[in-house]
Amino acid sequence: MFSSCYSSIRPSIGPLAIRPSCAFLRETVAGRAGGIFTATIMKIIPALNLTQTGYFNKKINRDGPIPPHRPALGPCWIWIGARNDFGYGIFAIFSRLFYAHRVAYTLSKGAISEDKPCILHHCDNTSCVNPSHLFCGTQFDNNIDRTIKGRGKTPLGEKHGKSKLTDVMVRDIRISNANGESRKSLATRMGCSKNAINYVLNWDTWRHVV
Ligand SMILES: [Zn+2]
């Protein structure tokens, strides 16, 4: 009886049995879930059955804070289950651990693409699993996001030795764009990439400069 039940569920995590040997698919973090432990977090999210989806939804408080820098996003959905040391929610599926925000993104928007395998927060709230606060990005995007939001050890803004922009330039970019100067023109004038301009204007970087 048990084995037939088990085998009927097992195929939904089939890909995990094939792919975990790829280092890209897992990362080890120091985490806390009823105690300090080091866990391997799987990156590929398997299909959830109805019971698992229901259990996942019960771990969400949809009445979280509204991000002060992006109030239009509406309230964060706070993960009230286990979290790691950075505040990211952890959710277990068949004894394997996954980041809750990645599960939320997959449930809402489908599989995470290999081109943009990182799921980032518009709201900066690492424990938030509101799909409308999440967006996918490349590892490069993730590194910038991590640095800017203080999860890396790199200094912010112009204190960063490799930064091409300064606080004054960032203010100039935002004001000039509001007055009609194009992002392309700004990138040329400031001597930086259009991506860097996009990050500044989307308030994904240099958020401390107002
Ligand atoms: Zn949020």
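**Exercise 1. Asparagine 177**

Task: Decide whether asparagine 177 is buried, exposed or partly exposed.

Solution. Start with the cut-offs. A residue is buried if 20 or more other C-beta atoms lie within 10 Å of its own, exposed if 12 or fewer, and partly exposed in between, with C-beta atoms placed from the backbone. Asparagine 177 has 16 C-beta neighbours inside 10 Å, so asparagine 177 counts as partly exposed.

Asparagine 177 sits in helix 6. Helices are DSSP runs of H or I with at least four residues, strands are runs of E with at least two, and both are numbered from the N terminus.

Then list its partners. Two residues are in contact if their C-beta atoms, placed from the backbone, lie within 7 Å. Setting aside neighbours within four places in sequence, asparagine 177 touches Arg183, Leu186 and Leu201. Leucine 201 is 24 residues away in sequence, yet 8.1 Å away in space, C-alpha to C-alpha.

A note on the model. The model is predicted, and local features need pLDDT of at least 70, side-chain atom pairs count only at pLDDT 80 or more, and totals for chains, interfaces and linings use all residues. Residues are numbered from 1 along each chain as its sequence is written.

**Exercise 2. Two helices**

Task: Find how helix 6 and helix 8 are oriented to each other.

Solution. Take the geometry. Helix 6 (residues 167-178) packs on helix 8 (residues 194-201) at an angle of about 80°, and their axes are 10 Å apart. Axes are lines fitted to C-alpha atoms, for helices over the stretch in contact, and angles run from 0 to 180 degrees between N-to-C directions.

Apply the classes. Angles under 35 degrees count as roughly parallel, over 145 as roughly antiparallel, 65 to 115 as roughly perpendicular and the rest as oblique. Helix 6 and helix 8 are therefore roughly perpendicular.

Now name the residues. From helix 6 come Val170, Ile173, Arg174 and Asn177, and they meet Ile197, Val200 and Leu201 of helix 8. By class, this contact has five nonpolar, one polar and one charged residues. Ala, Val, Leu, Ile, Met, Phe, Trp, Tyr, Cys and Pro count as nonpolar, Asp, Glu, Lys and Arg as charged, and the others, Gly among them, as polar.

**Exercise 3. The whole protein**

Task: State how many helices and strands there are, and where pLDDT stays under 50.

Solution. The protein has eight helices and nine strands. Of its 210 residues, 25% are buried. The average pLDDT, the predictor's confidence in each residue from 0 to 100, is 75. Residues 1-26 stay under 50. Residues 30-36 are also below 50.
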